[in-house]
Amino acid sequence: MKARMIVTKLEVRNIKLTRSTGRVGHDFDLVAKVRVQPRTMGALSGEGIDCPELQWIETIDWYRFDTFANHWIHAGTQTHNKDLYKANPMSQTFITWREESRYAFARHTPWFPATLKNTYGTEAKHWIAQNGFEWEIPIRDIPAISLLDGSGGGAGASLVIGPTRRRVIRFELGFTGCHHRIHCAQILETMNGQPTINAFVQRKLTDAELNAPHNVIAWRNLAGS
């Protein structure tokens, strides 16, 4: 039987608020702990490894501020449960999940054979297929918005352009064959080019929770702390 990779653990780590010139957002890592079950028929099984598919699903909602009514209005859903990895696997966000990168992280672990640490990824992959191994692979995302205007990103054109807007990304992250899912959400809001919400919530949010006044107040308080 061919060697097979499974995901044994999923975590979100290294969540950091980012604020650069004209932009606000977050960096975070989805960290997958993977284990390769070695091939069982020697060279007859081949040197490849069957890998699960990354599933990077996003729902993105935009809000605009109605100055006459003095409240926020839902402007539309940009993407609904869209698998961005499936749509664009060559995105820079997913560079560490590419074939040539997955096994580099194994080579950099302390317990990987010293004689293979400086070899090409294919040699490390062949050794793993034969012997099995367990290591972690991080996938970094850096979702952000411009404070003044701006449009575009990995999911397509922004639905609201200007210095006053709110964007909510709800993530569902996982892999085929792995029952565990990571649910989290990023809420970014600007008023006249100033950040008023920059929250990252590590749980699943419903539509009702997104619009609940007490949640919006709490997220604004976080931005001011």
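Is Glu189 buried or exposed? Glu189 is buried, with a relative accessible area of 0%, where buried means under 20% relative accessible area, exposed over 50%, and partly exposed in between (1.4 Å probe, protein chains only). The structure is a predicted model, in which local features need pLDDT of at least 70 and side-chain atom pairs count only at pLDDT 80 or more, while totals for chains, interfaces and linings use all residues. Residues are numbered from 1 along each chain as its sequence is written, and side-chain values use heavy atoms, with hydrogens and water left out.

**Overall architecture**

- The protein has 5 helices and 10 strands; helices (H or I, at least four residues) and strands (E, at least two) are DSSP runs, numbered from the N terminus.
- Taken along the principal axes, the C-alpha atoms fill a box of roughly 70 × 30 × 30 Å.
- Of the 225 residues, 47% count as buried.

- Glu189 belongs to strand β9, and its side chain makes a polar contact of 2.6 Å with the side chain of Thr196.
- The side chain of Glu189 is also joined to that of Arg220 by a polar contact of 2.9 Å.
- Arg170 is located in strand β8 and counts as buried at 15% relative accessibility.

- The elements that give two or more residues to the lining are β4 (54-66), β5 (71-83), β8 (165-175) and β9 (182-191).
- The lining residues divide into 5 nonpolar, 4 polar and 4 charged; Ala, Val, Leu, Ile, Met, Phe, Trp, Tyr, Cys and Pro count as nonpolar, Asp, Glu, Lys and Arg as charged, and the others, Gly among them, as polar.

**Aromatic pairs and the aromatic cluster**

- The whole structure contains 13 aromatic pairs; rings of Phe, Tyr and Trp (its six-membered ring) pair if their centres lie within 6.5 Å, and planes under 30 degrees apart count as stacked, over 60 as edge-to-face and the rest as tilted.
- Phe28 and Trp56 form a stacked pair, at 6.1 Å centre to centre and with 20° between the planes.
- Because Phe28 lies in strand β2 (residues 23-37) and Trp56 in strand β4, this pair ties together parts that are 28 residues apart in sequence.
- Both partners are buried, Phe28 with a relative accessible area of 0% and Trp56 with one of 1%.
- Phe112 and Trp127 form an edge-to-face pair, at 5.2 Å centre to centre and with 70° between the planes.
- That pair links distant parts of the chain, 15 residues apart: Phe112 is in the loop between α2 (99-107) and α3 (121-131), and Trp127 is in helix α3.
- Phe112 is buried at a relative accessible area of 3%, whereas Trp127 counts as partly exposed at 25% relative accessibility.
- One aromatic cluster is formed by Phe28, Trp56, Tyr85, Phe94, Phe171 and Phe200.

**Charges over rings**

- A charge sits over a ring if NZ of Lys or CZ of Arg is within 6 Å of the ring centre and within 35 degrees of the ring normal.
- The charged end of Arg102 sits over the ring of Trp97, 4.5 Å from its centre.
- Arg166 lies over the face of Trp72, at 4.7 Å from the ring centre.

**Positive phi values**

- Asn14, although not a glycine, has a positive phi of about 55°; Asn14 is in strand β1 (residues 3-20) and counts as partly exposed at 42% relative accessibility.
- Asn70, also a residue other than glycine, has a positive phi near 60°; Asn70 lies in the loop between β4 and β5 and counts as exposed at 58% relative accessibility.

Methods: Polar contact = N/O pair within 3.5 Å; in protein donor to acceptor, adjacent residues only side chain to side chain.
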